[in-house]
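Let's take a walk through this structure together. Have a look around first, and then we'll go through a few of its contacts.

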Amino acid sequence: MKILVFICGCQGKIEEVLDLDALSAFTSTIEDVEAVKIDRYLCGKEGLSLFKEEVMRVKPDRVIIAGCSPRLHGEIFAEALEDAGMNPHLREHVNIREQCAWAHFDDLDGANRKAKKLMEMGIAKVRLKRPLDKINVEMKPAALVIGGGVSGMEAALDLSNGGFKVYLVEREAELGGRVKRLSQTFPTVGCGICCMHDCPDCVLTPQVEEVLSDENIEVLTSTTVEKADGFIGNYKVRLTGGREIDVGTVIIATGTETFDPNRIPEYSYSSADVITSLELEDLYMKARSDGGQIKRPSDGKIPESINFIQCVGSRGIKGGNPYCSIVCCIYALGHAREFKSRYPDAEVTIHYIDLRSPYRGFEEYYNEARDMGVNFVRGEIDKIEEREDGVYIVGTNRDTKERYEMKSDLVVLSVGQEPADNTRELANLFNLELDQDGFFLEKNLRLIGEDTSGVYVAGAANGPRNIRYSVADGRVMAEAAIERIGAERILLEGVVARIDQDLCIKCATCLEVCPYGIVEIVREDAEEVRLEVLEGGCRACGICAAECPASAIQLEDFRDDQILAEVEVAI
Amino acid sequence: MKILVFCCDWCSYPGADLAGILRLEYPSEVRIIKVMCSGRVDLMLVLDALRQGIDGVMVTGCHPGECHYVHGNMEAERRIELLRSIFERSGINPRRVRIEWISASEGEKFAEVTRAFKQEIDEIGPINQGEIDAAEIIHDVFSSERARLVLGASRRAIELEGVDPLWYKGVLERTVREEVLRERILRELRKTGALSAHELAERIGEPAKEIFWNLIAMKRRQIILDIGIVDDSLKFAIQEGV
């Protein structure tokens, strides 16, 4: 066996700690090492061409790259090896930068000793590597979009344009999601992409119309997902009512719920004139068909004073969620301005803790609200009380620490966003991870092209989003899916678990422990039953290999013998 | 001191990288072995390291709920916890193995826990021959089907069938303890040829009654056979071909 070793100096950043000549001399003495090349900048253009030339000249059986973490430039060297006509799995990275030179910069002896050990470990492992073929997975050019809000609809339209058959599933009876309930959007106010207001003077809601008239999109309202099996490019999904669909990709755009103010009893949400911002939207909607006047729920009187309470259920206030819900400041500003412009004599007050108005145009919007006469009080509300003569707000001024009290005809609680109630259920169905707040864990956008699940999450299901970013998200995820699934087939890395049929005792433990359930029971005939890993669905965790009672499963590139060989020389 | 750290590809390996990027020092004795998921770490691999003389093995993975492979880290935790409780009764210091959650952004935590682990291993000293011998026996137990079957069924039992986790843990520990005892019986028989339950009890230091029941179970599984009464006691020997 011929092993070719490259050692990278990383433009001096490794050399200043490690003696590369000594490392090279040591490496040359290891059995099977054909040649050792030191380069000062192996991942650079010149370094890479030297790398390829050397590989083509020496024609080694295995290659070692000692330098930075394989997580950084692993792919570059895999591609370079392929260019040089070698199977990329026949290489091993020895991490002498992050996990040696940099971590032990103050311990030169230790670092240099460790570098040699790491080299030995890498060589021990690379000897046992096998060339692996890429796995060819056929993709079904169909998509399931869960959630018919702005983000889901945008994704559906984009997927349809990309040539996909789209199933758009919405659990409510109509498309539109949260935005459908909003009377206006702020600060643009106009009928933008998401105008879906059921107002009599404007029946058409552009995005919904576009979705409904798209022949590639099948809209399934009052429908939810019951079951999902399969893997990237090949999902079988059962919907309520028993219908089964085959799709290649799934986009989850289930949005958020709003915080239930009953969880903060001090805010007296049960009082008729203490309402949430969404209920204020309802009042605005109602006004359109009811003479244009905003009337408070208790007695139908037009409120002379209206108070907005910010951060209800957000930023950890009164035991609410720890994060900022992003949209509440702007919608409260919008509502306050709208109310003030309709009723200039009304007392309109916003009780805030920190007013957040990022993005261009939003700060100006806030300043205009001040000019219009909207009052701002930096106060944390202790309680809202219904007394005999009306509703009172009791708060503490954050700046002066003084208590204050205000009587209010109408109190609006600016409720925040939290994960939709079916988030965990969907996460279980599609093997997705949740973050600490219960939203779907956001995937790194830079790595989304390498995703091997075919399942994407768009919009506020990832965490609070405003409309604009939810729509953008729908587009981003649809594009990612089109790029990944649209090519009819993809080639996945060959790192998969394999079952040795001679050793297998058919206990099906692998099937139980597989996070993706992609171990299949294959019945040849009445006698012959086999367990097989569906290659396209295997994501190479190796849990089955560790759990297999008969030790009959091996995960390529991380086989027992390879790890044991590393352990043996690590001592 | 020889310290082995298994790191998963998604959280703790990049966490270890970050420790380097931030120039946070940790002991240079630490040897990292990369796996895709902490759930890949078969106990057999951990035990193999110990029997070869590694002084401490740490398995690291993503925080609970954040595993890239949904529940791989929980499987790893279940295994390491089992191993520690087995060690407690087998003469191996259970502090030689531990599990830690390190996210990709916790370079500082990686440096901290490896430093702390090194310090702990320094305190308990290098692995001794008694511990290596015990690790050897437990290694063989975890390479054999029975212990692996009971361990492999944990997830189905606890997560899917709703079996009380504490009760199942008891079953697991009992099974492994029994298998350890049987392995020790086999070793004695291999050394000496034929022995009675009382003679085995003396050599192994476990009650004769328990040894006798295990001898019967092993006989039933045709691992050993009884060769009749010799010197007033029933003697057992290893079945040929075992």
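Which residues in α5(B) meet which residues in α8(B)? On the α5(B) side they are Glu136(B), Ile137(B), Ile138(B), Asp140(B), Val141(B) and Phe142(B), and in α8(B) they are Val176(B), Glu179(B), Val180(B), Glu183(B), Arg184(B) and Arg187(B). Contact here means heavy atoms within 4.5 Å.

Before going on, some ground rules: this is a predicted model, where local features need pLDDT of at least 70 and side-chain atom pairs count only at pLDDT 80 or more, while totals for chains, interfaces and linings use all residues. Residues are numbered from 1 along each chain as its sequence is written, chains are lettered from A and ligands numbered from 1 in the order in which they are written, and side-chain values use heavy atoms, with hydrogens and water left out.

Back to that helix pair. Helices (DSSP runs of H or I, at least four residues) and strands (E, at least two) are numbered from the N terminus. In chain B, α5 covers residues 129-142 and α8 covers residues 165-192; their axes are 9 Å apart, at an angle of about 115°. Axes are lines fitted to C-alpha atoms, for helices over the stretch in contact, and angles run from 0 to 180 degrees between N-to-C directions. So α5(B) and α8(B) are roughly perpendicular to each other (angles under 35 degrees count as roughly parallel, over 145 as roughly antiparallel, 65 to 115 as roughly perpendicular and the rest as oblique).

Helix α8(B) has another partner, α6(B), residues 145-152: their axes come within 9 Å and cross at roughly 170°. That angle is why α6(B) and α8(B) are roughly antiparallel to each other. From α6(B), the contact takes in Arg146(B), Ala147(B), Val150(B) and Leu151(B), and the α8(B) residues include Tyr168(B), Val171(B) and Leu172(B).

Now step out to the two chains. 52 residues of chain A are in contact with 54 residues of chain B. About 4700 Å² is buried between chain A and chain B, and carbon and sulfur atoms give 56% of that area (buried area is the accessible area, with a 1.4 Å probe, that two parts lose on being put together, summed over both).

Four salt bridges are counted between chain A and chain B, each being a side-chain nitrogen of Lys or Arg within 4 Å of a carboxyl oxygen of Asp or Glu. Arg156(B) and Glu512(A) meet in a salt bridge, 3.2 Å from N to O. Over all chains, the count comes to 78 salt bridges.
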